[in-house]
Amino acid sequence: MDKPKMHPYIPIIIGVISVSLSAIFVKLAQAESGVIAFYRMLFSVLIMAPLFLGKYTKELTKLSKRDWFFSSIAGIFLAFHFILWFESLNYTSVASSTVLVTLQPLFAFVGTYFFFKETITMKTIIAGAIAISGSVLISWGDFKVSGTAFYGDILALIACALVTAYFLLGQDVRKRLSLMTYTMIVYVVSTITLLIYVLIKGESLMPHSSMDWLWFLLLALVPNFLGHTLFNWSIKYVSTNVVSIAILFEPVGAAILAWFIFKEYLIATQIIGGMIVLAGILLFVIDIKKIFKFFAKNA
């Protein structure tokens, strides 16, 4: 495997900050969920097209049937991830939705174990269990507050499973395919899938306010290019588990922004649940053995 030009954690951090803005842009847009997702992907494809057509089209002839199949399925999963997640924001809060949709370790740990034979350490299991318990607390609080909010939570959780499957497929394909080619295939398939969905649902593609067009464009530029594209680059060098854990930081940024922009105040279960999720993340990220060695050395 080629050595990366920068540490994979750097683009992952930039990606997490970028995707934190996704729920905010979606909430600000007035269009229907499928339409928002469609234009997000369409604008992404149009922005990437000149570079892809100029330098990467030859790579398409070298793709195996397996790579075509996995990339296409990844695009379909990504499309329905967006549909369900955007729809969840109509029923539950930004904080709850983003916490649940980023609860990917629940699925990533299992997926990487069965498909890539990656070892799952006891620390990983404990960290994942802690993060998951925090998310369960958030959902339980929403259920007690409103059944509608709980429905939104369920949609977000299904969206979480779909995006994890998308990353797992990418982890396999990205070992053989360039970032640009893989991303272009996935985004094109996702755009076509979303267009079919919008037409079947009878959602209106036109007209939209000038502000809606701005949110569509920003969704393509920020969460997609500075978010998902950087994640796709990273999974060539790190496990899906690492990306999944890092994305759990997204709800913190999203909740803070939602508090300022939409005046979405957090209830006790959301705050406590969010803190538990962060505790699980820190346990996963921190190398406990190195910390003990550091203190033993400087004692």
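Which residues lie nearest the centre of the second largest pocket? They are Val252, Ala255, Leu266, Gln270 and Gly274, part of a lining of 17 residues. Please keep in mind, as you look around, that this is a predicted model.

**The pocket and a cavity**

The second largest pocket holds about 280 Å³ of space. Three helices each supply at least two residues of its lining: H5 (94-101), H12 (250-261) and H13 (268-285). H13 gives the largest share, with 6 residues. Sorted by class, the pocket lining has 14 nonpolar residues, 3 polar ones and no charged ones.

Rolling a probe the size of a water molecule over the atoms is a handy way to show where empty space is left. In this structure there are 2 cavities of 30 Å³ or more. The second largest cavity has a volume of about 30 Å³. Its lining is made by Ser93, Ala95, Ala255, Ala258, Glu264, Tyr265, Leu266 and Gln270. In terms of class, that cavity lining comprises 5 nonpolar, 2 polar and 1 charged residues.

| Helix pair | Angle between axes | Axes apart |
|---|---|---|
| H4 (65-88) and H5 | about 150 degrees | 9 Å |
| H9 (179-201) and H10 (210-234) | about 120 degrees | 10 Å |

How do H4 and H5 run relative to each other, roughly parallel or roughly antiparallel? With an angle of about 150 degrees, the pair is therefore roughly antiparallel. On the H4 side the contact involves His81, Trp85 and Ser88, which meet Ser97, Thr98 and Val101 of H5. This contact consists of 2 nonpolar and 4 polar residues, with no charged ones. H5 is also one of the helices that supply at least two residues to the lining of the second largest pocket.

For the other pair, H9 and H10 pack at about 120 degrees, which means that H9 is oblique to H10. Their crossing is right-handed. From H9, the residues in contact are Leu179, Tyr182, Thr183 and Tyr187, while H10 brings Asn224, His228, Thr229, Asn232 and Trp233. By class, the contact of H9 with H10 has 4 nonpolar and 5 polar residues, and again no charged ones.

Methods. Residues are numbered from 1 along each chain as its sequence is written. This is a predicted model: local features need pLDDT of at least 70, side-chain atom pairs count only at pLDDT 80 or more; totals for chains, interfaces and linings use all residues. Side-chain values use heavy atoms; hydrogens and water are left out. Axes are lines fitted to C-alpha atoms, for helices over the stretch in contact, and angles run from 0 to 180 degrees between N-to-C directions. Helices (H or I, at least four residues) and strands (E, at least two) are DSSP runs, numbered from the N terminus. Angles under 35 degrees count as roughly parallel, over 145 as roughly antiparallel, 65 to 115 as roughly perpendicular and the rest as oblique. A crossing is left-handed if the near helix is turned anticlockwise from the far one by less than a right angle, and right-handed if clockwise. Contact means heavy atoms within 4.5 Å. Ala, Val, Leu, Ile, Met, Phe, Trp, Tyr, Cys and Pro count as nonpolar, Asp, Glu, Lys and Arg as charged, and the others, Gly among them, as polar. On a 1 Å grid over the protein atoms alone, a cavity is a set of points where a 1.4 Å probe fits but cannot get out, and a pocket is an open set with protein on both sides within 12 Å along at least five of seven lines; lining residues have an atom within 4 Å of a point. Grid points are joined across faces, edges and corners, and a volume is the space filled by probe spheres set on the points.
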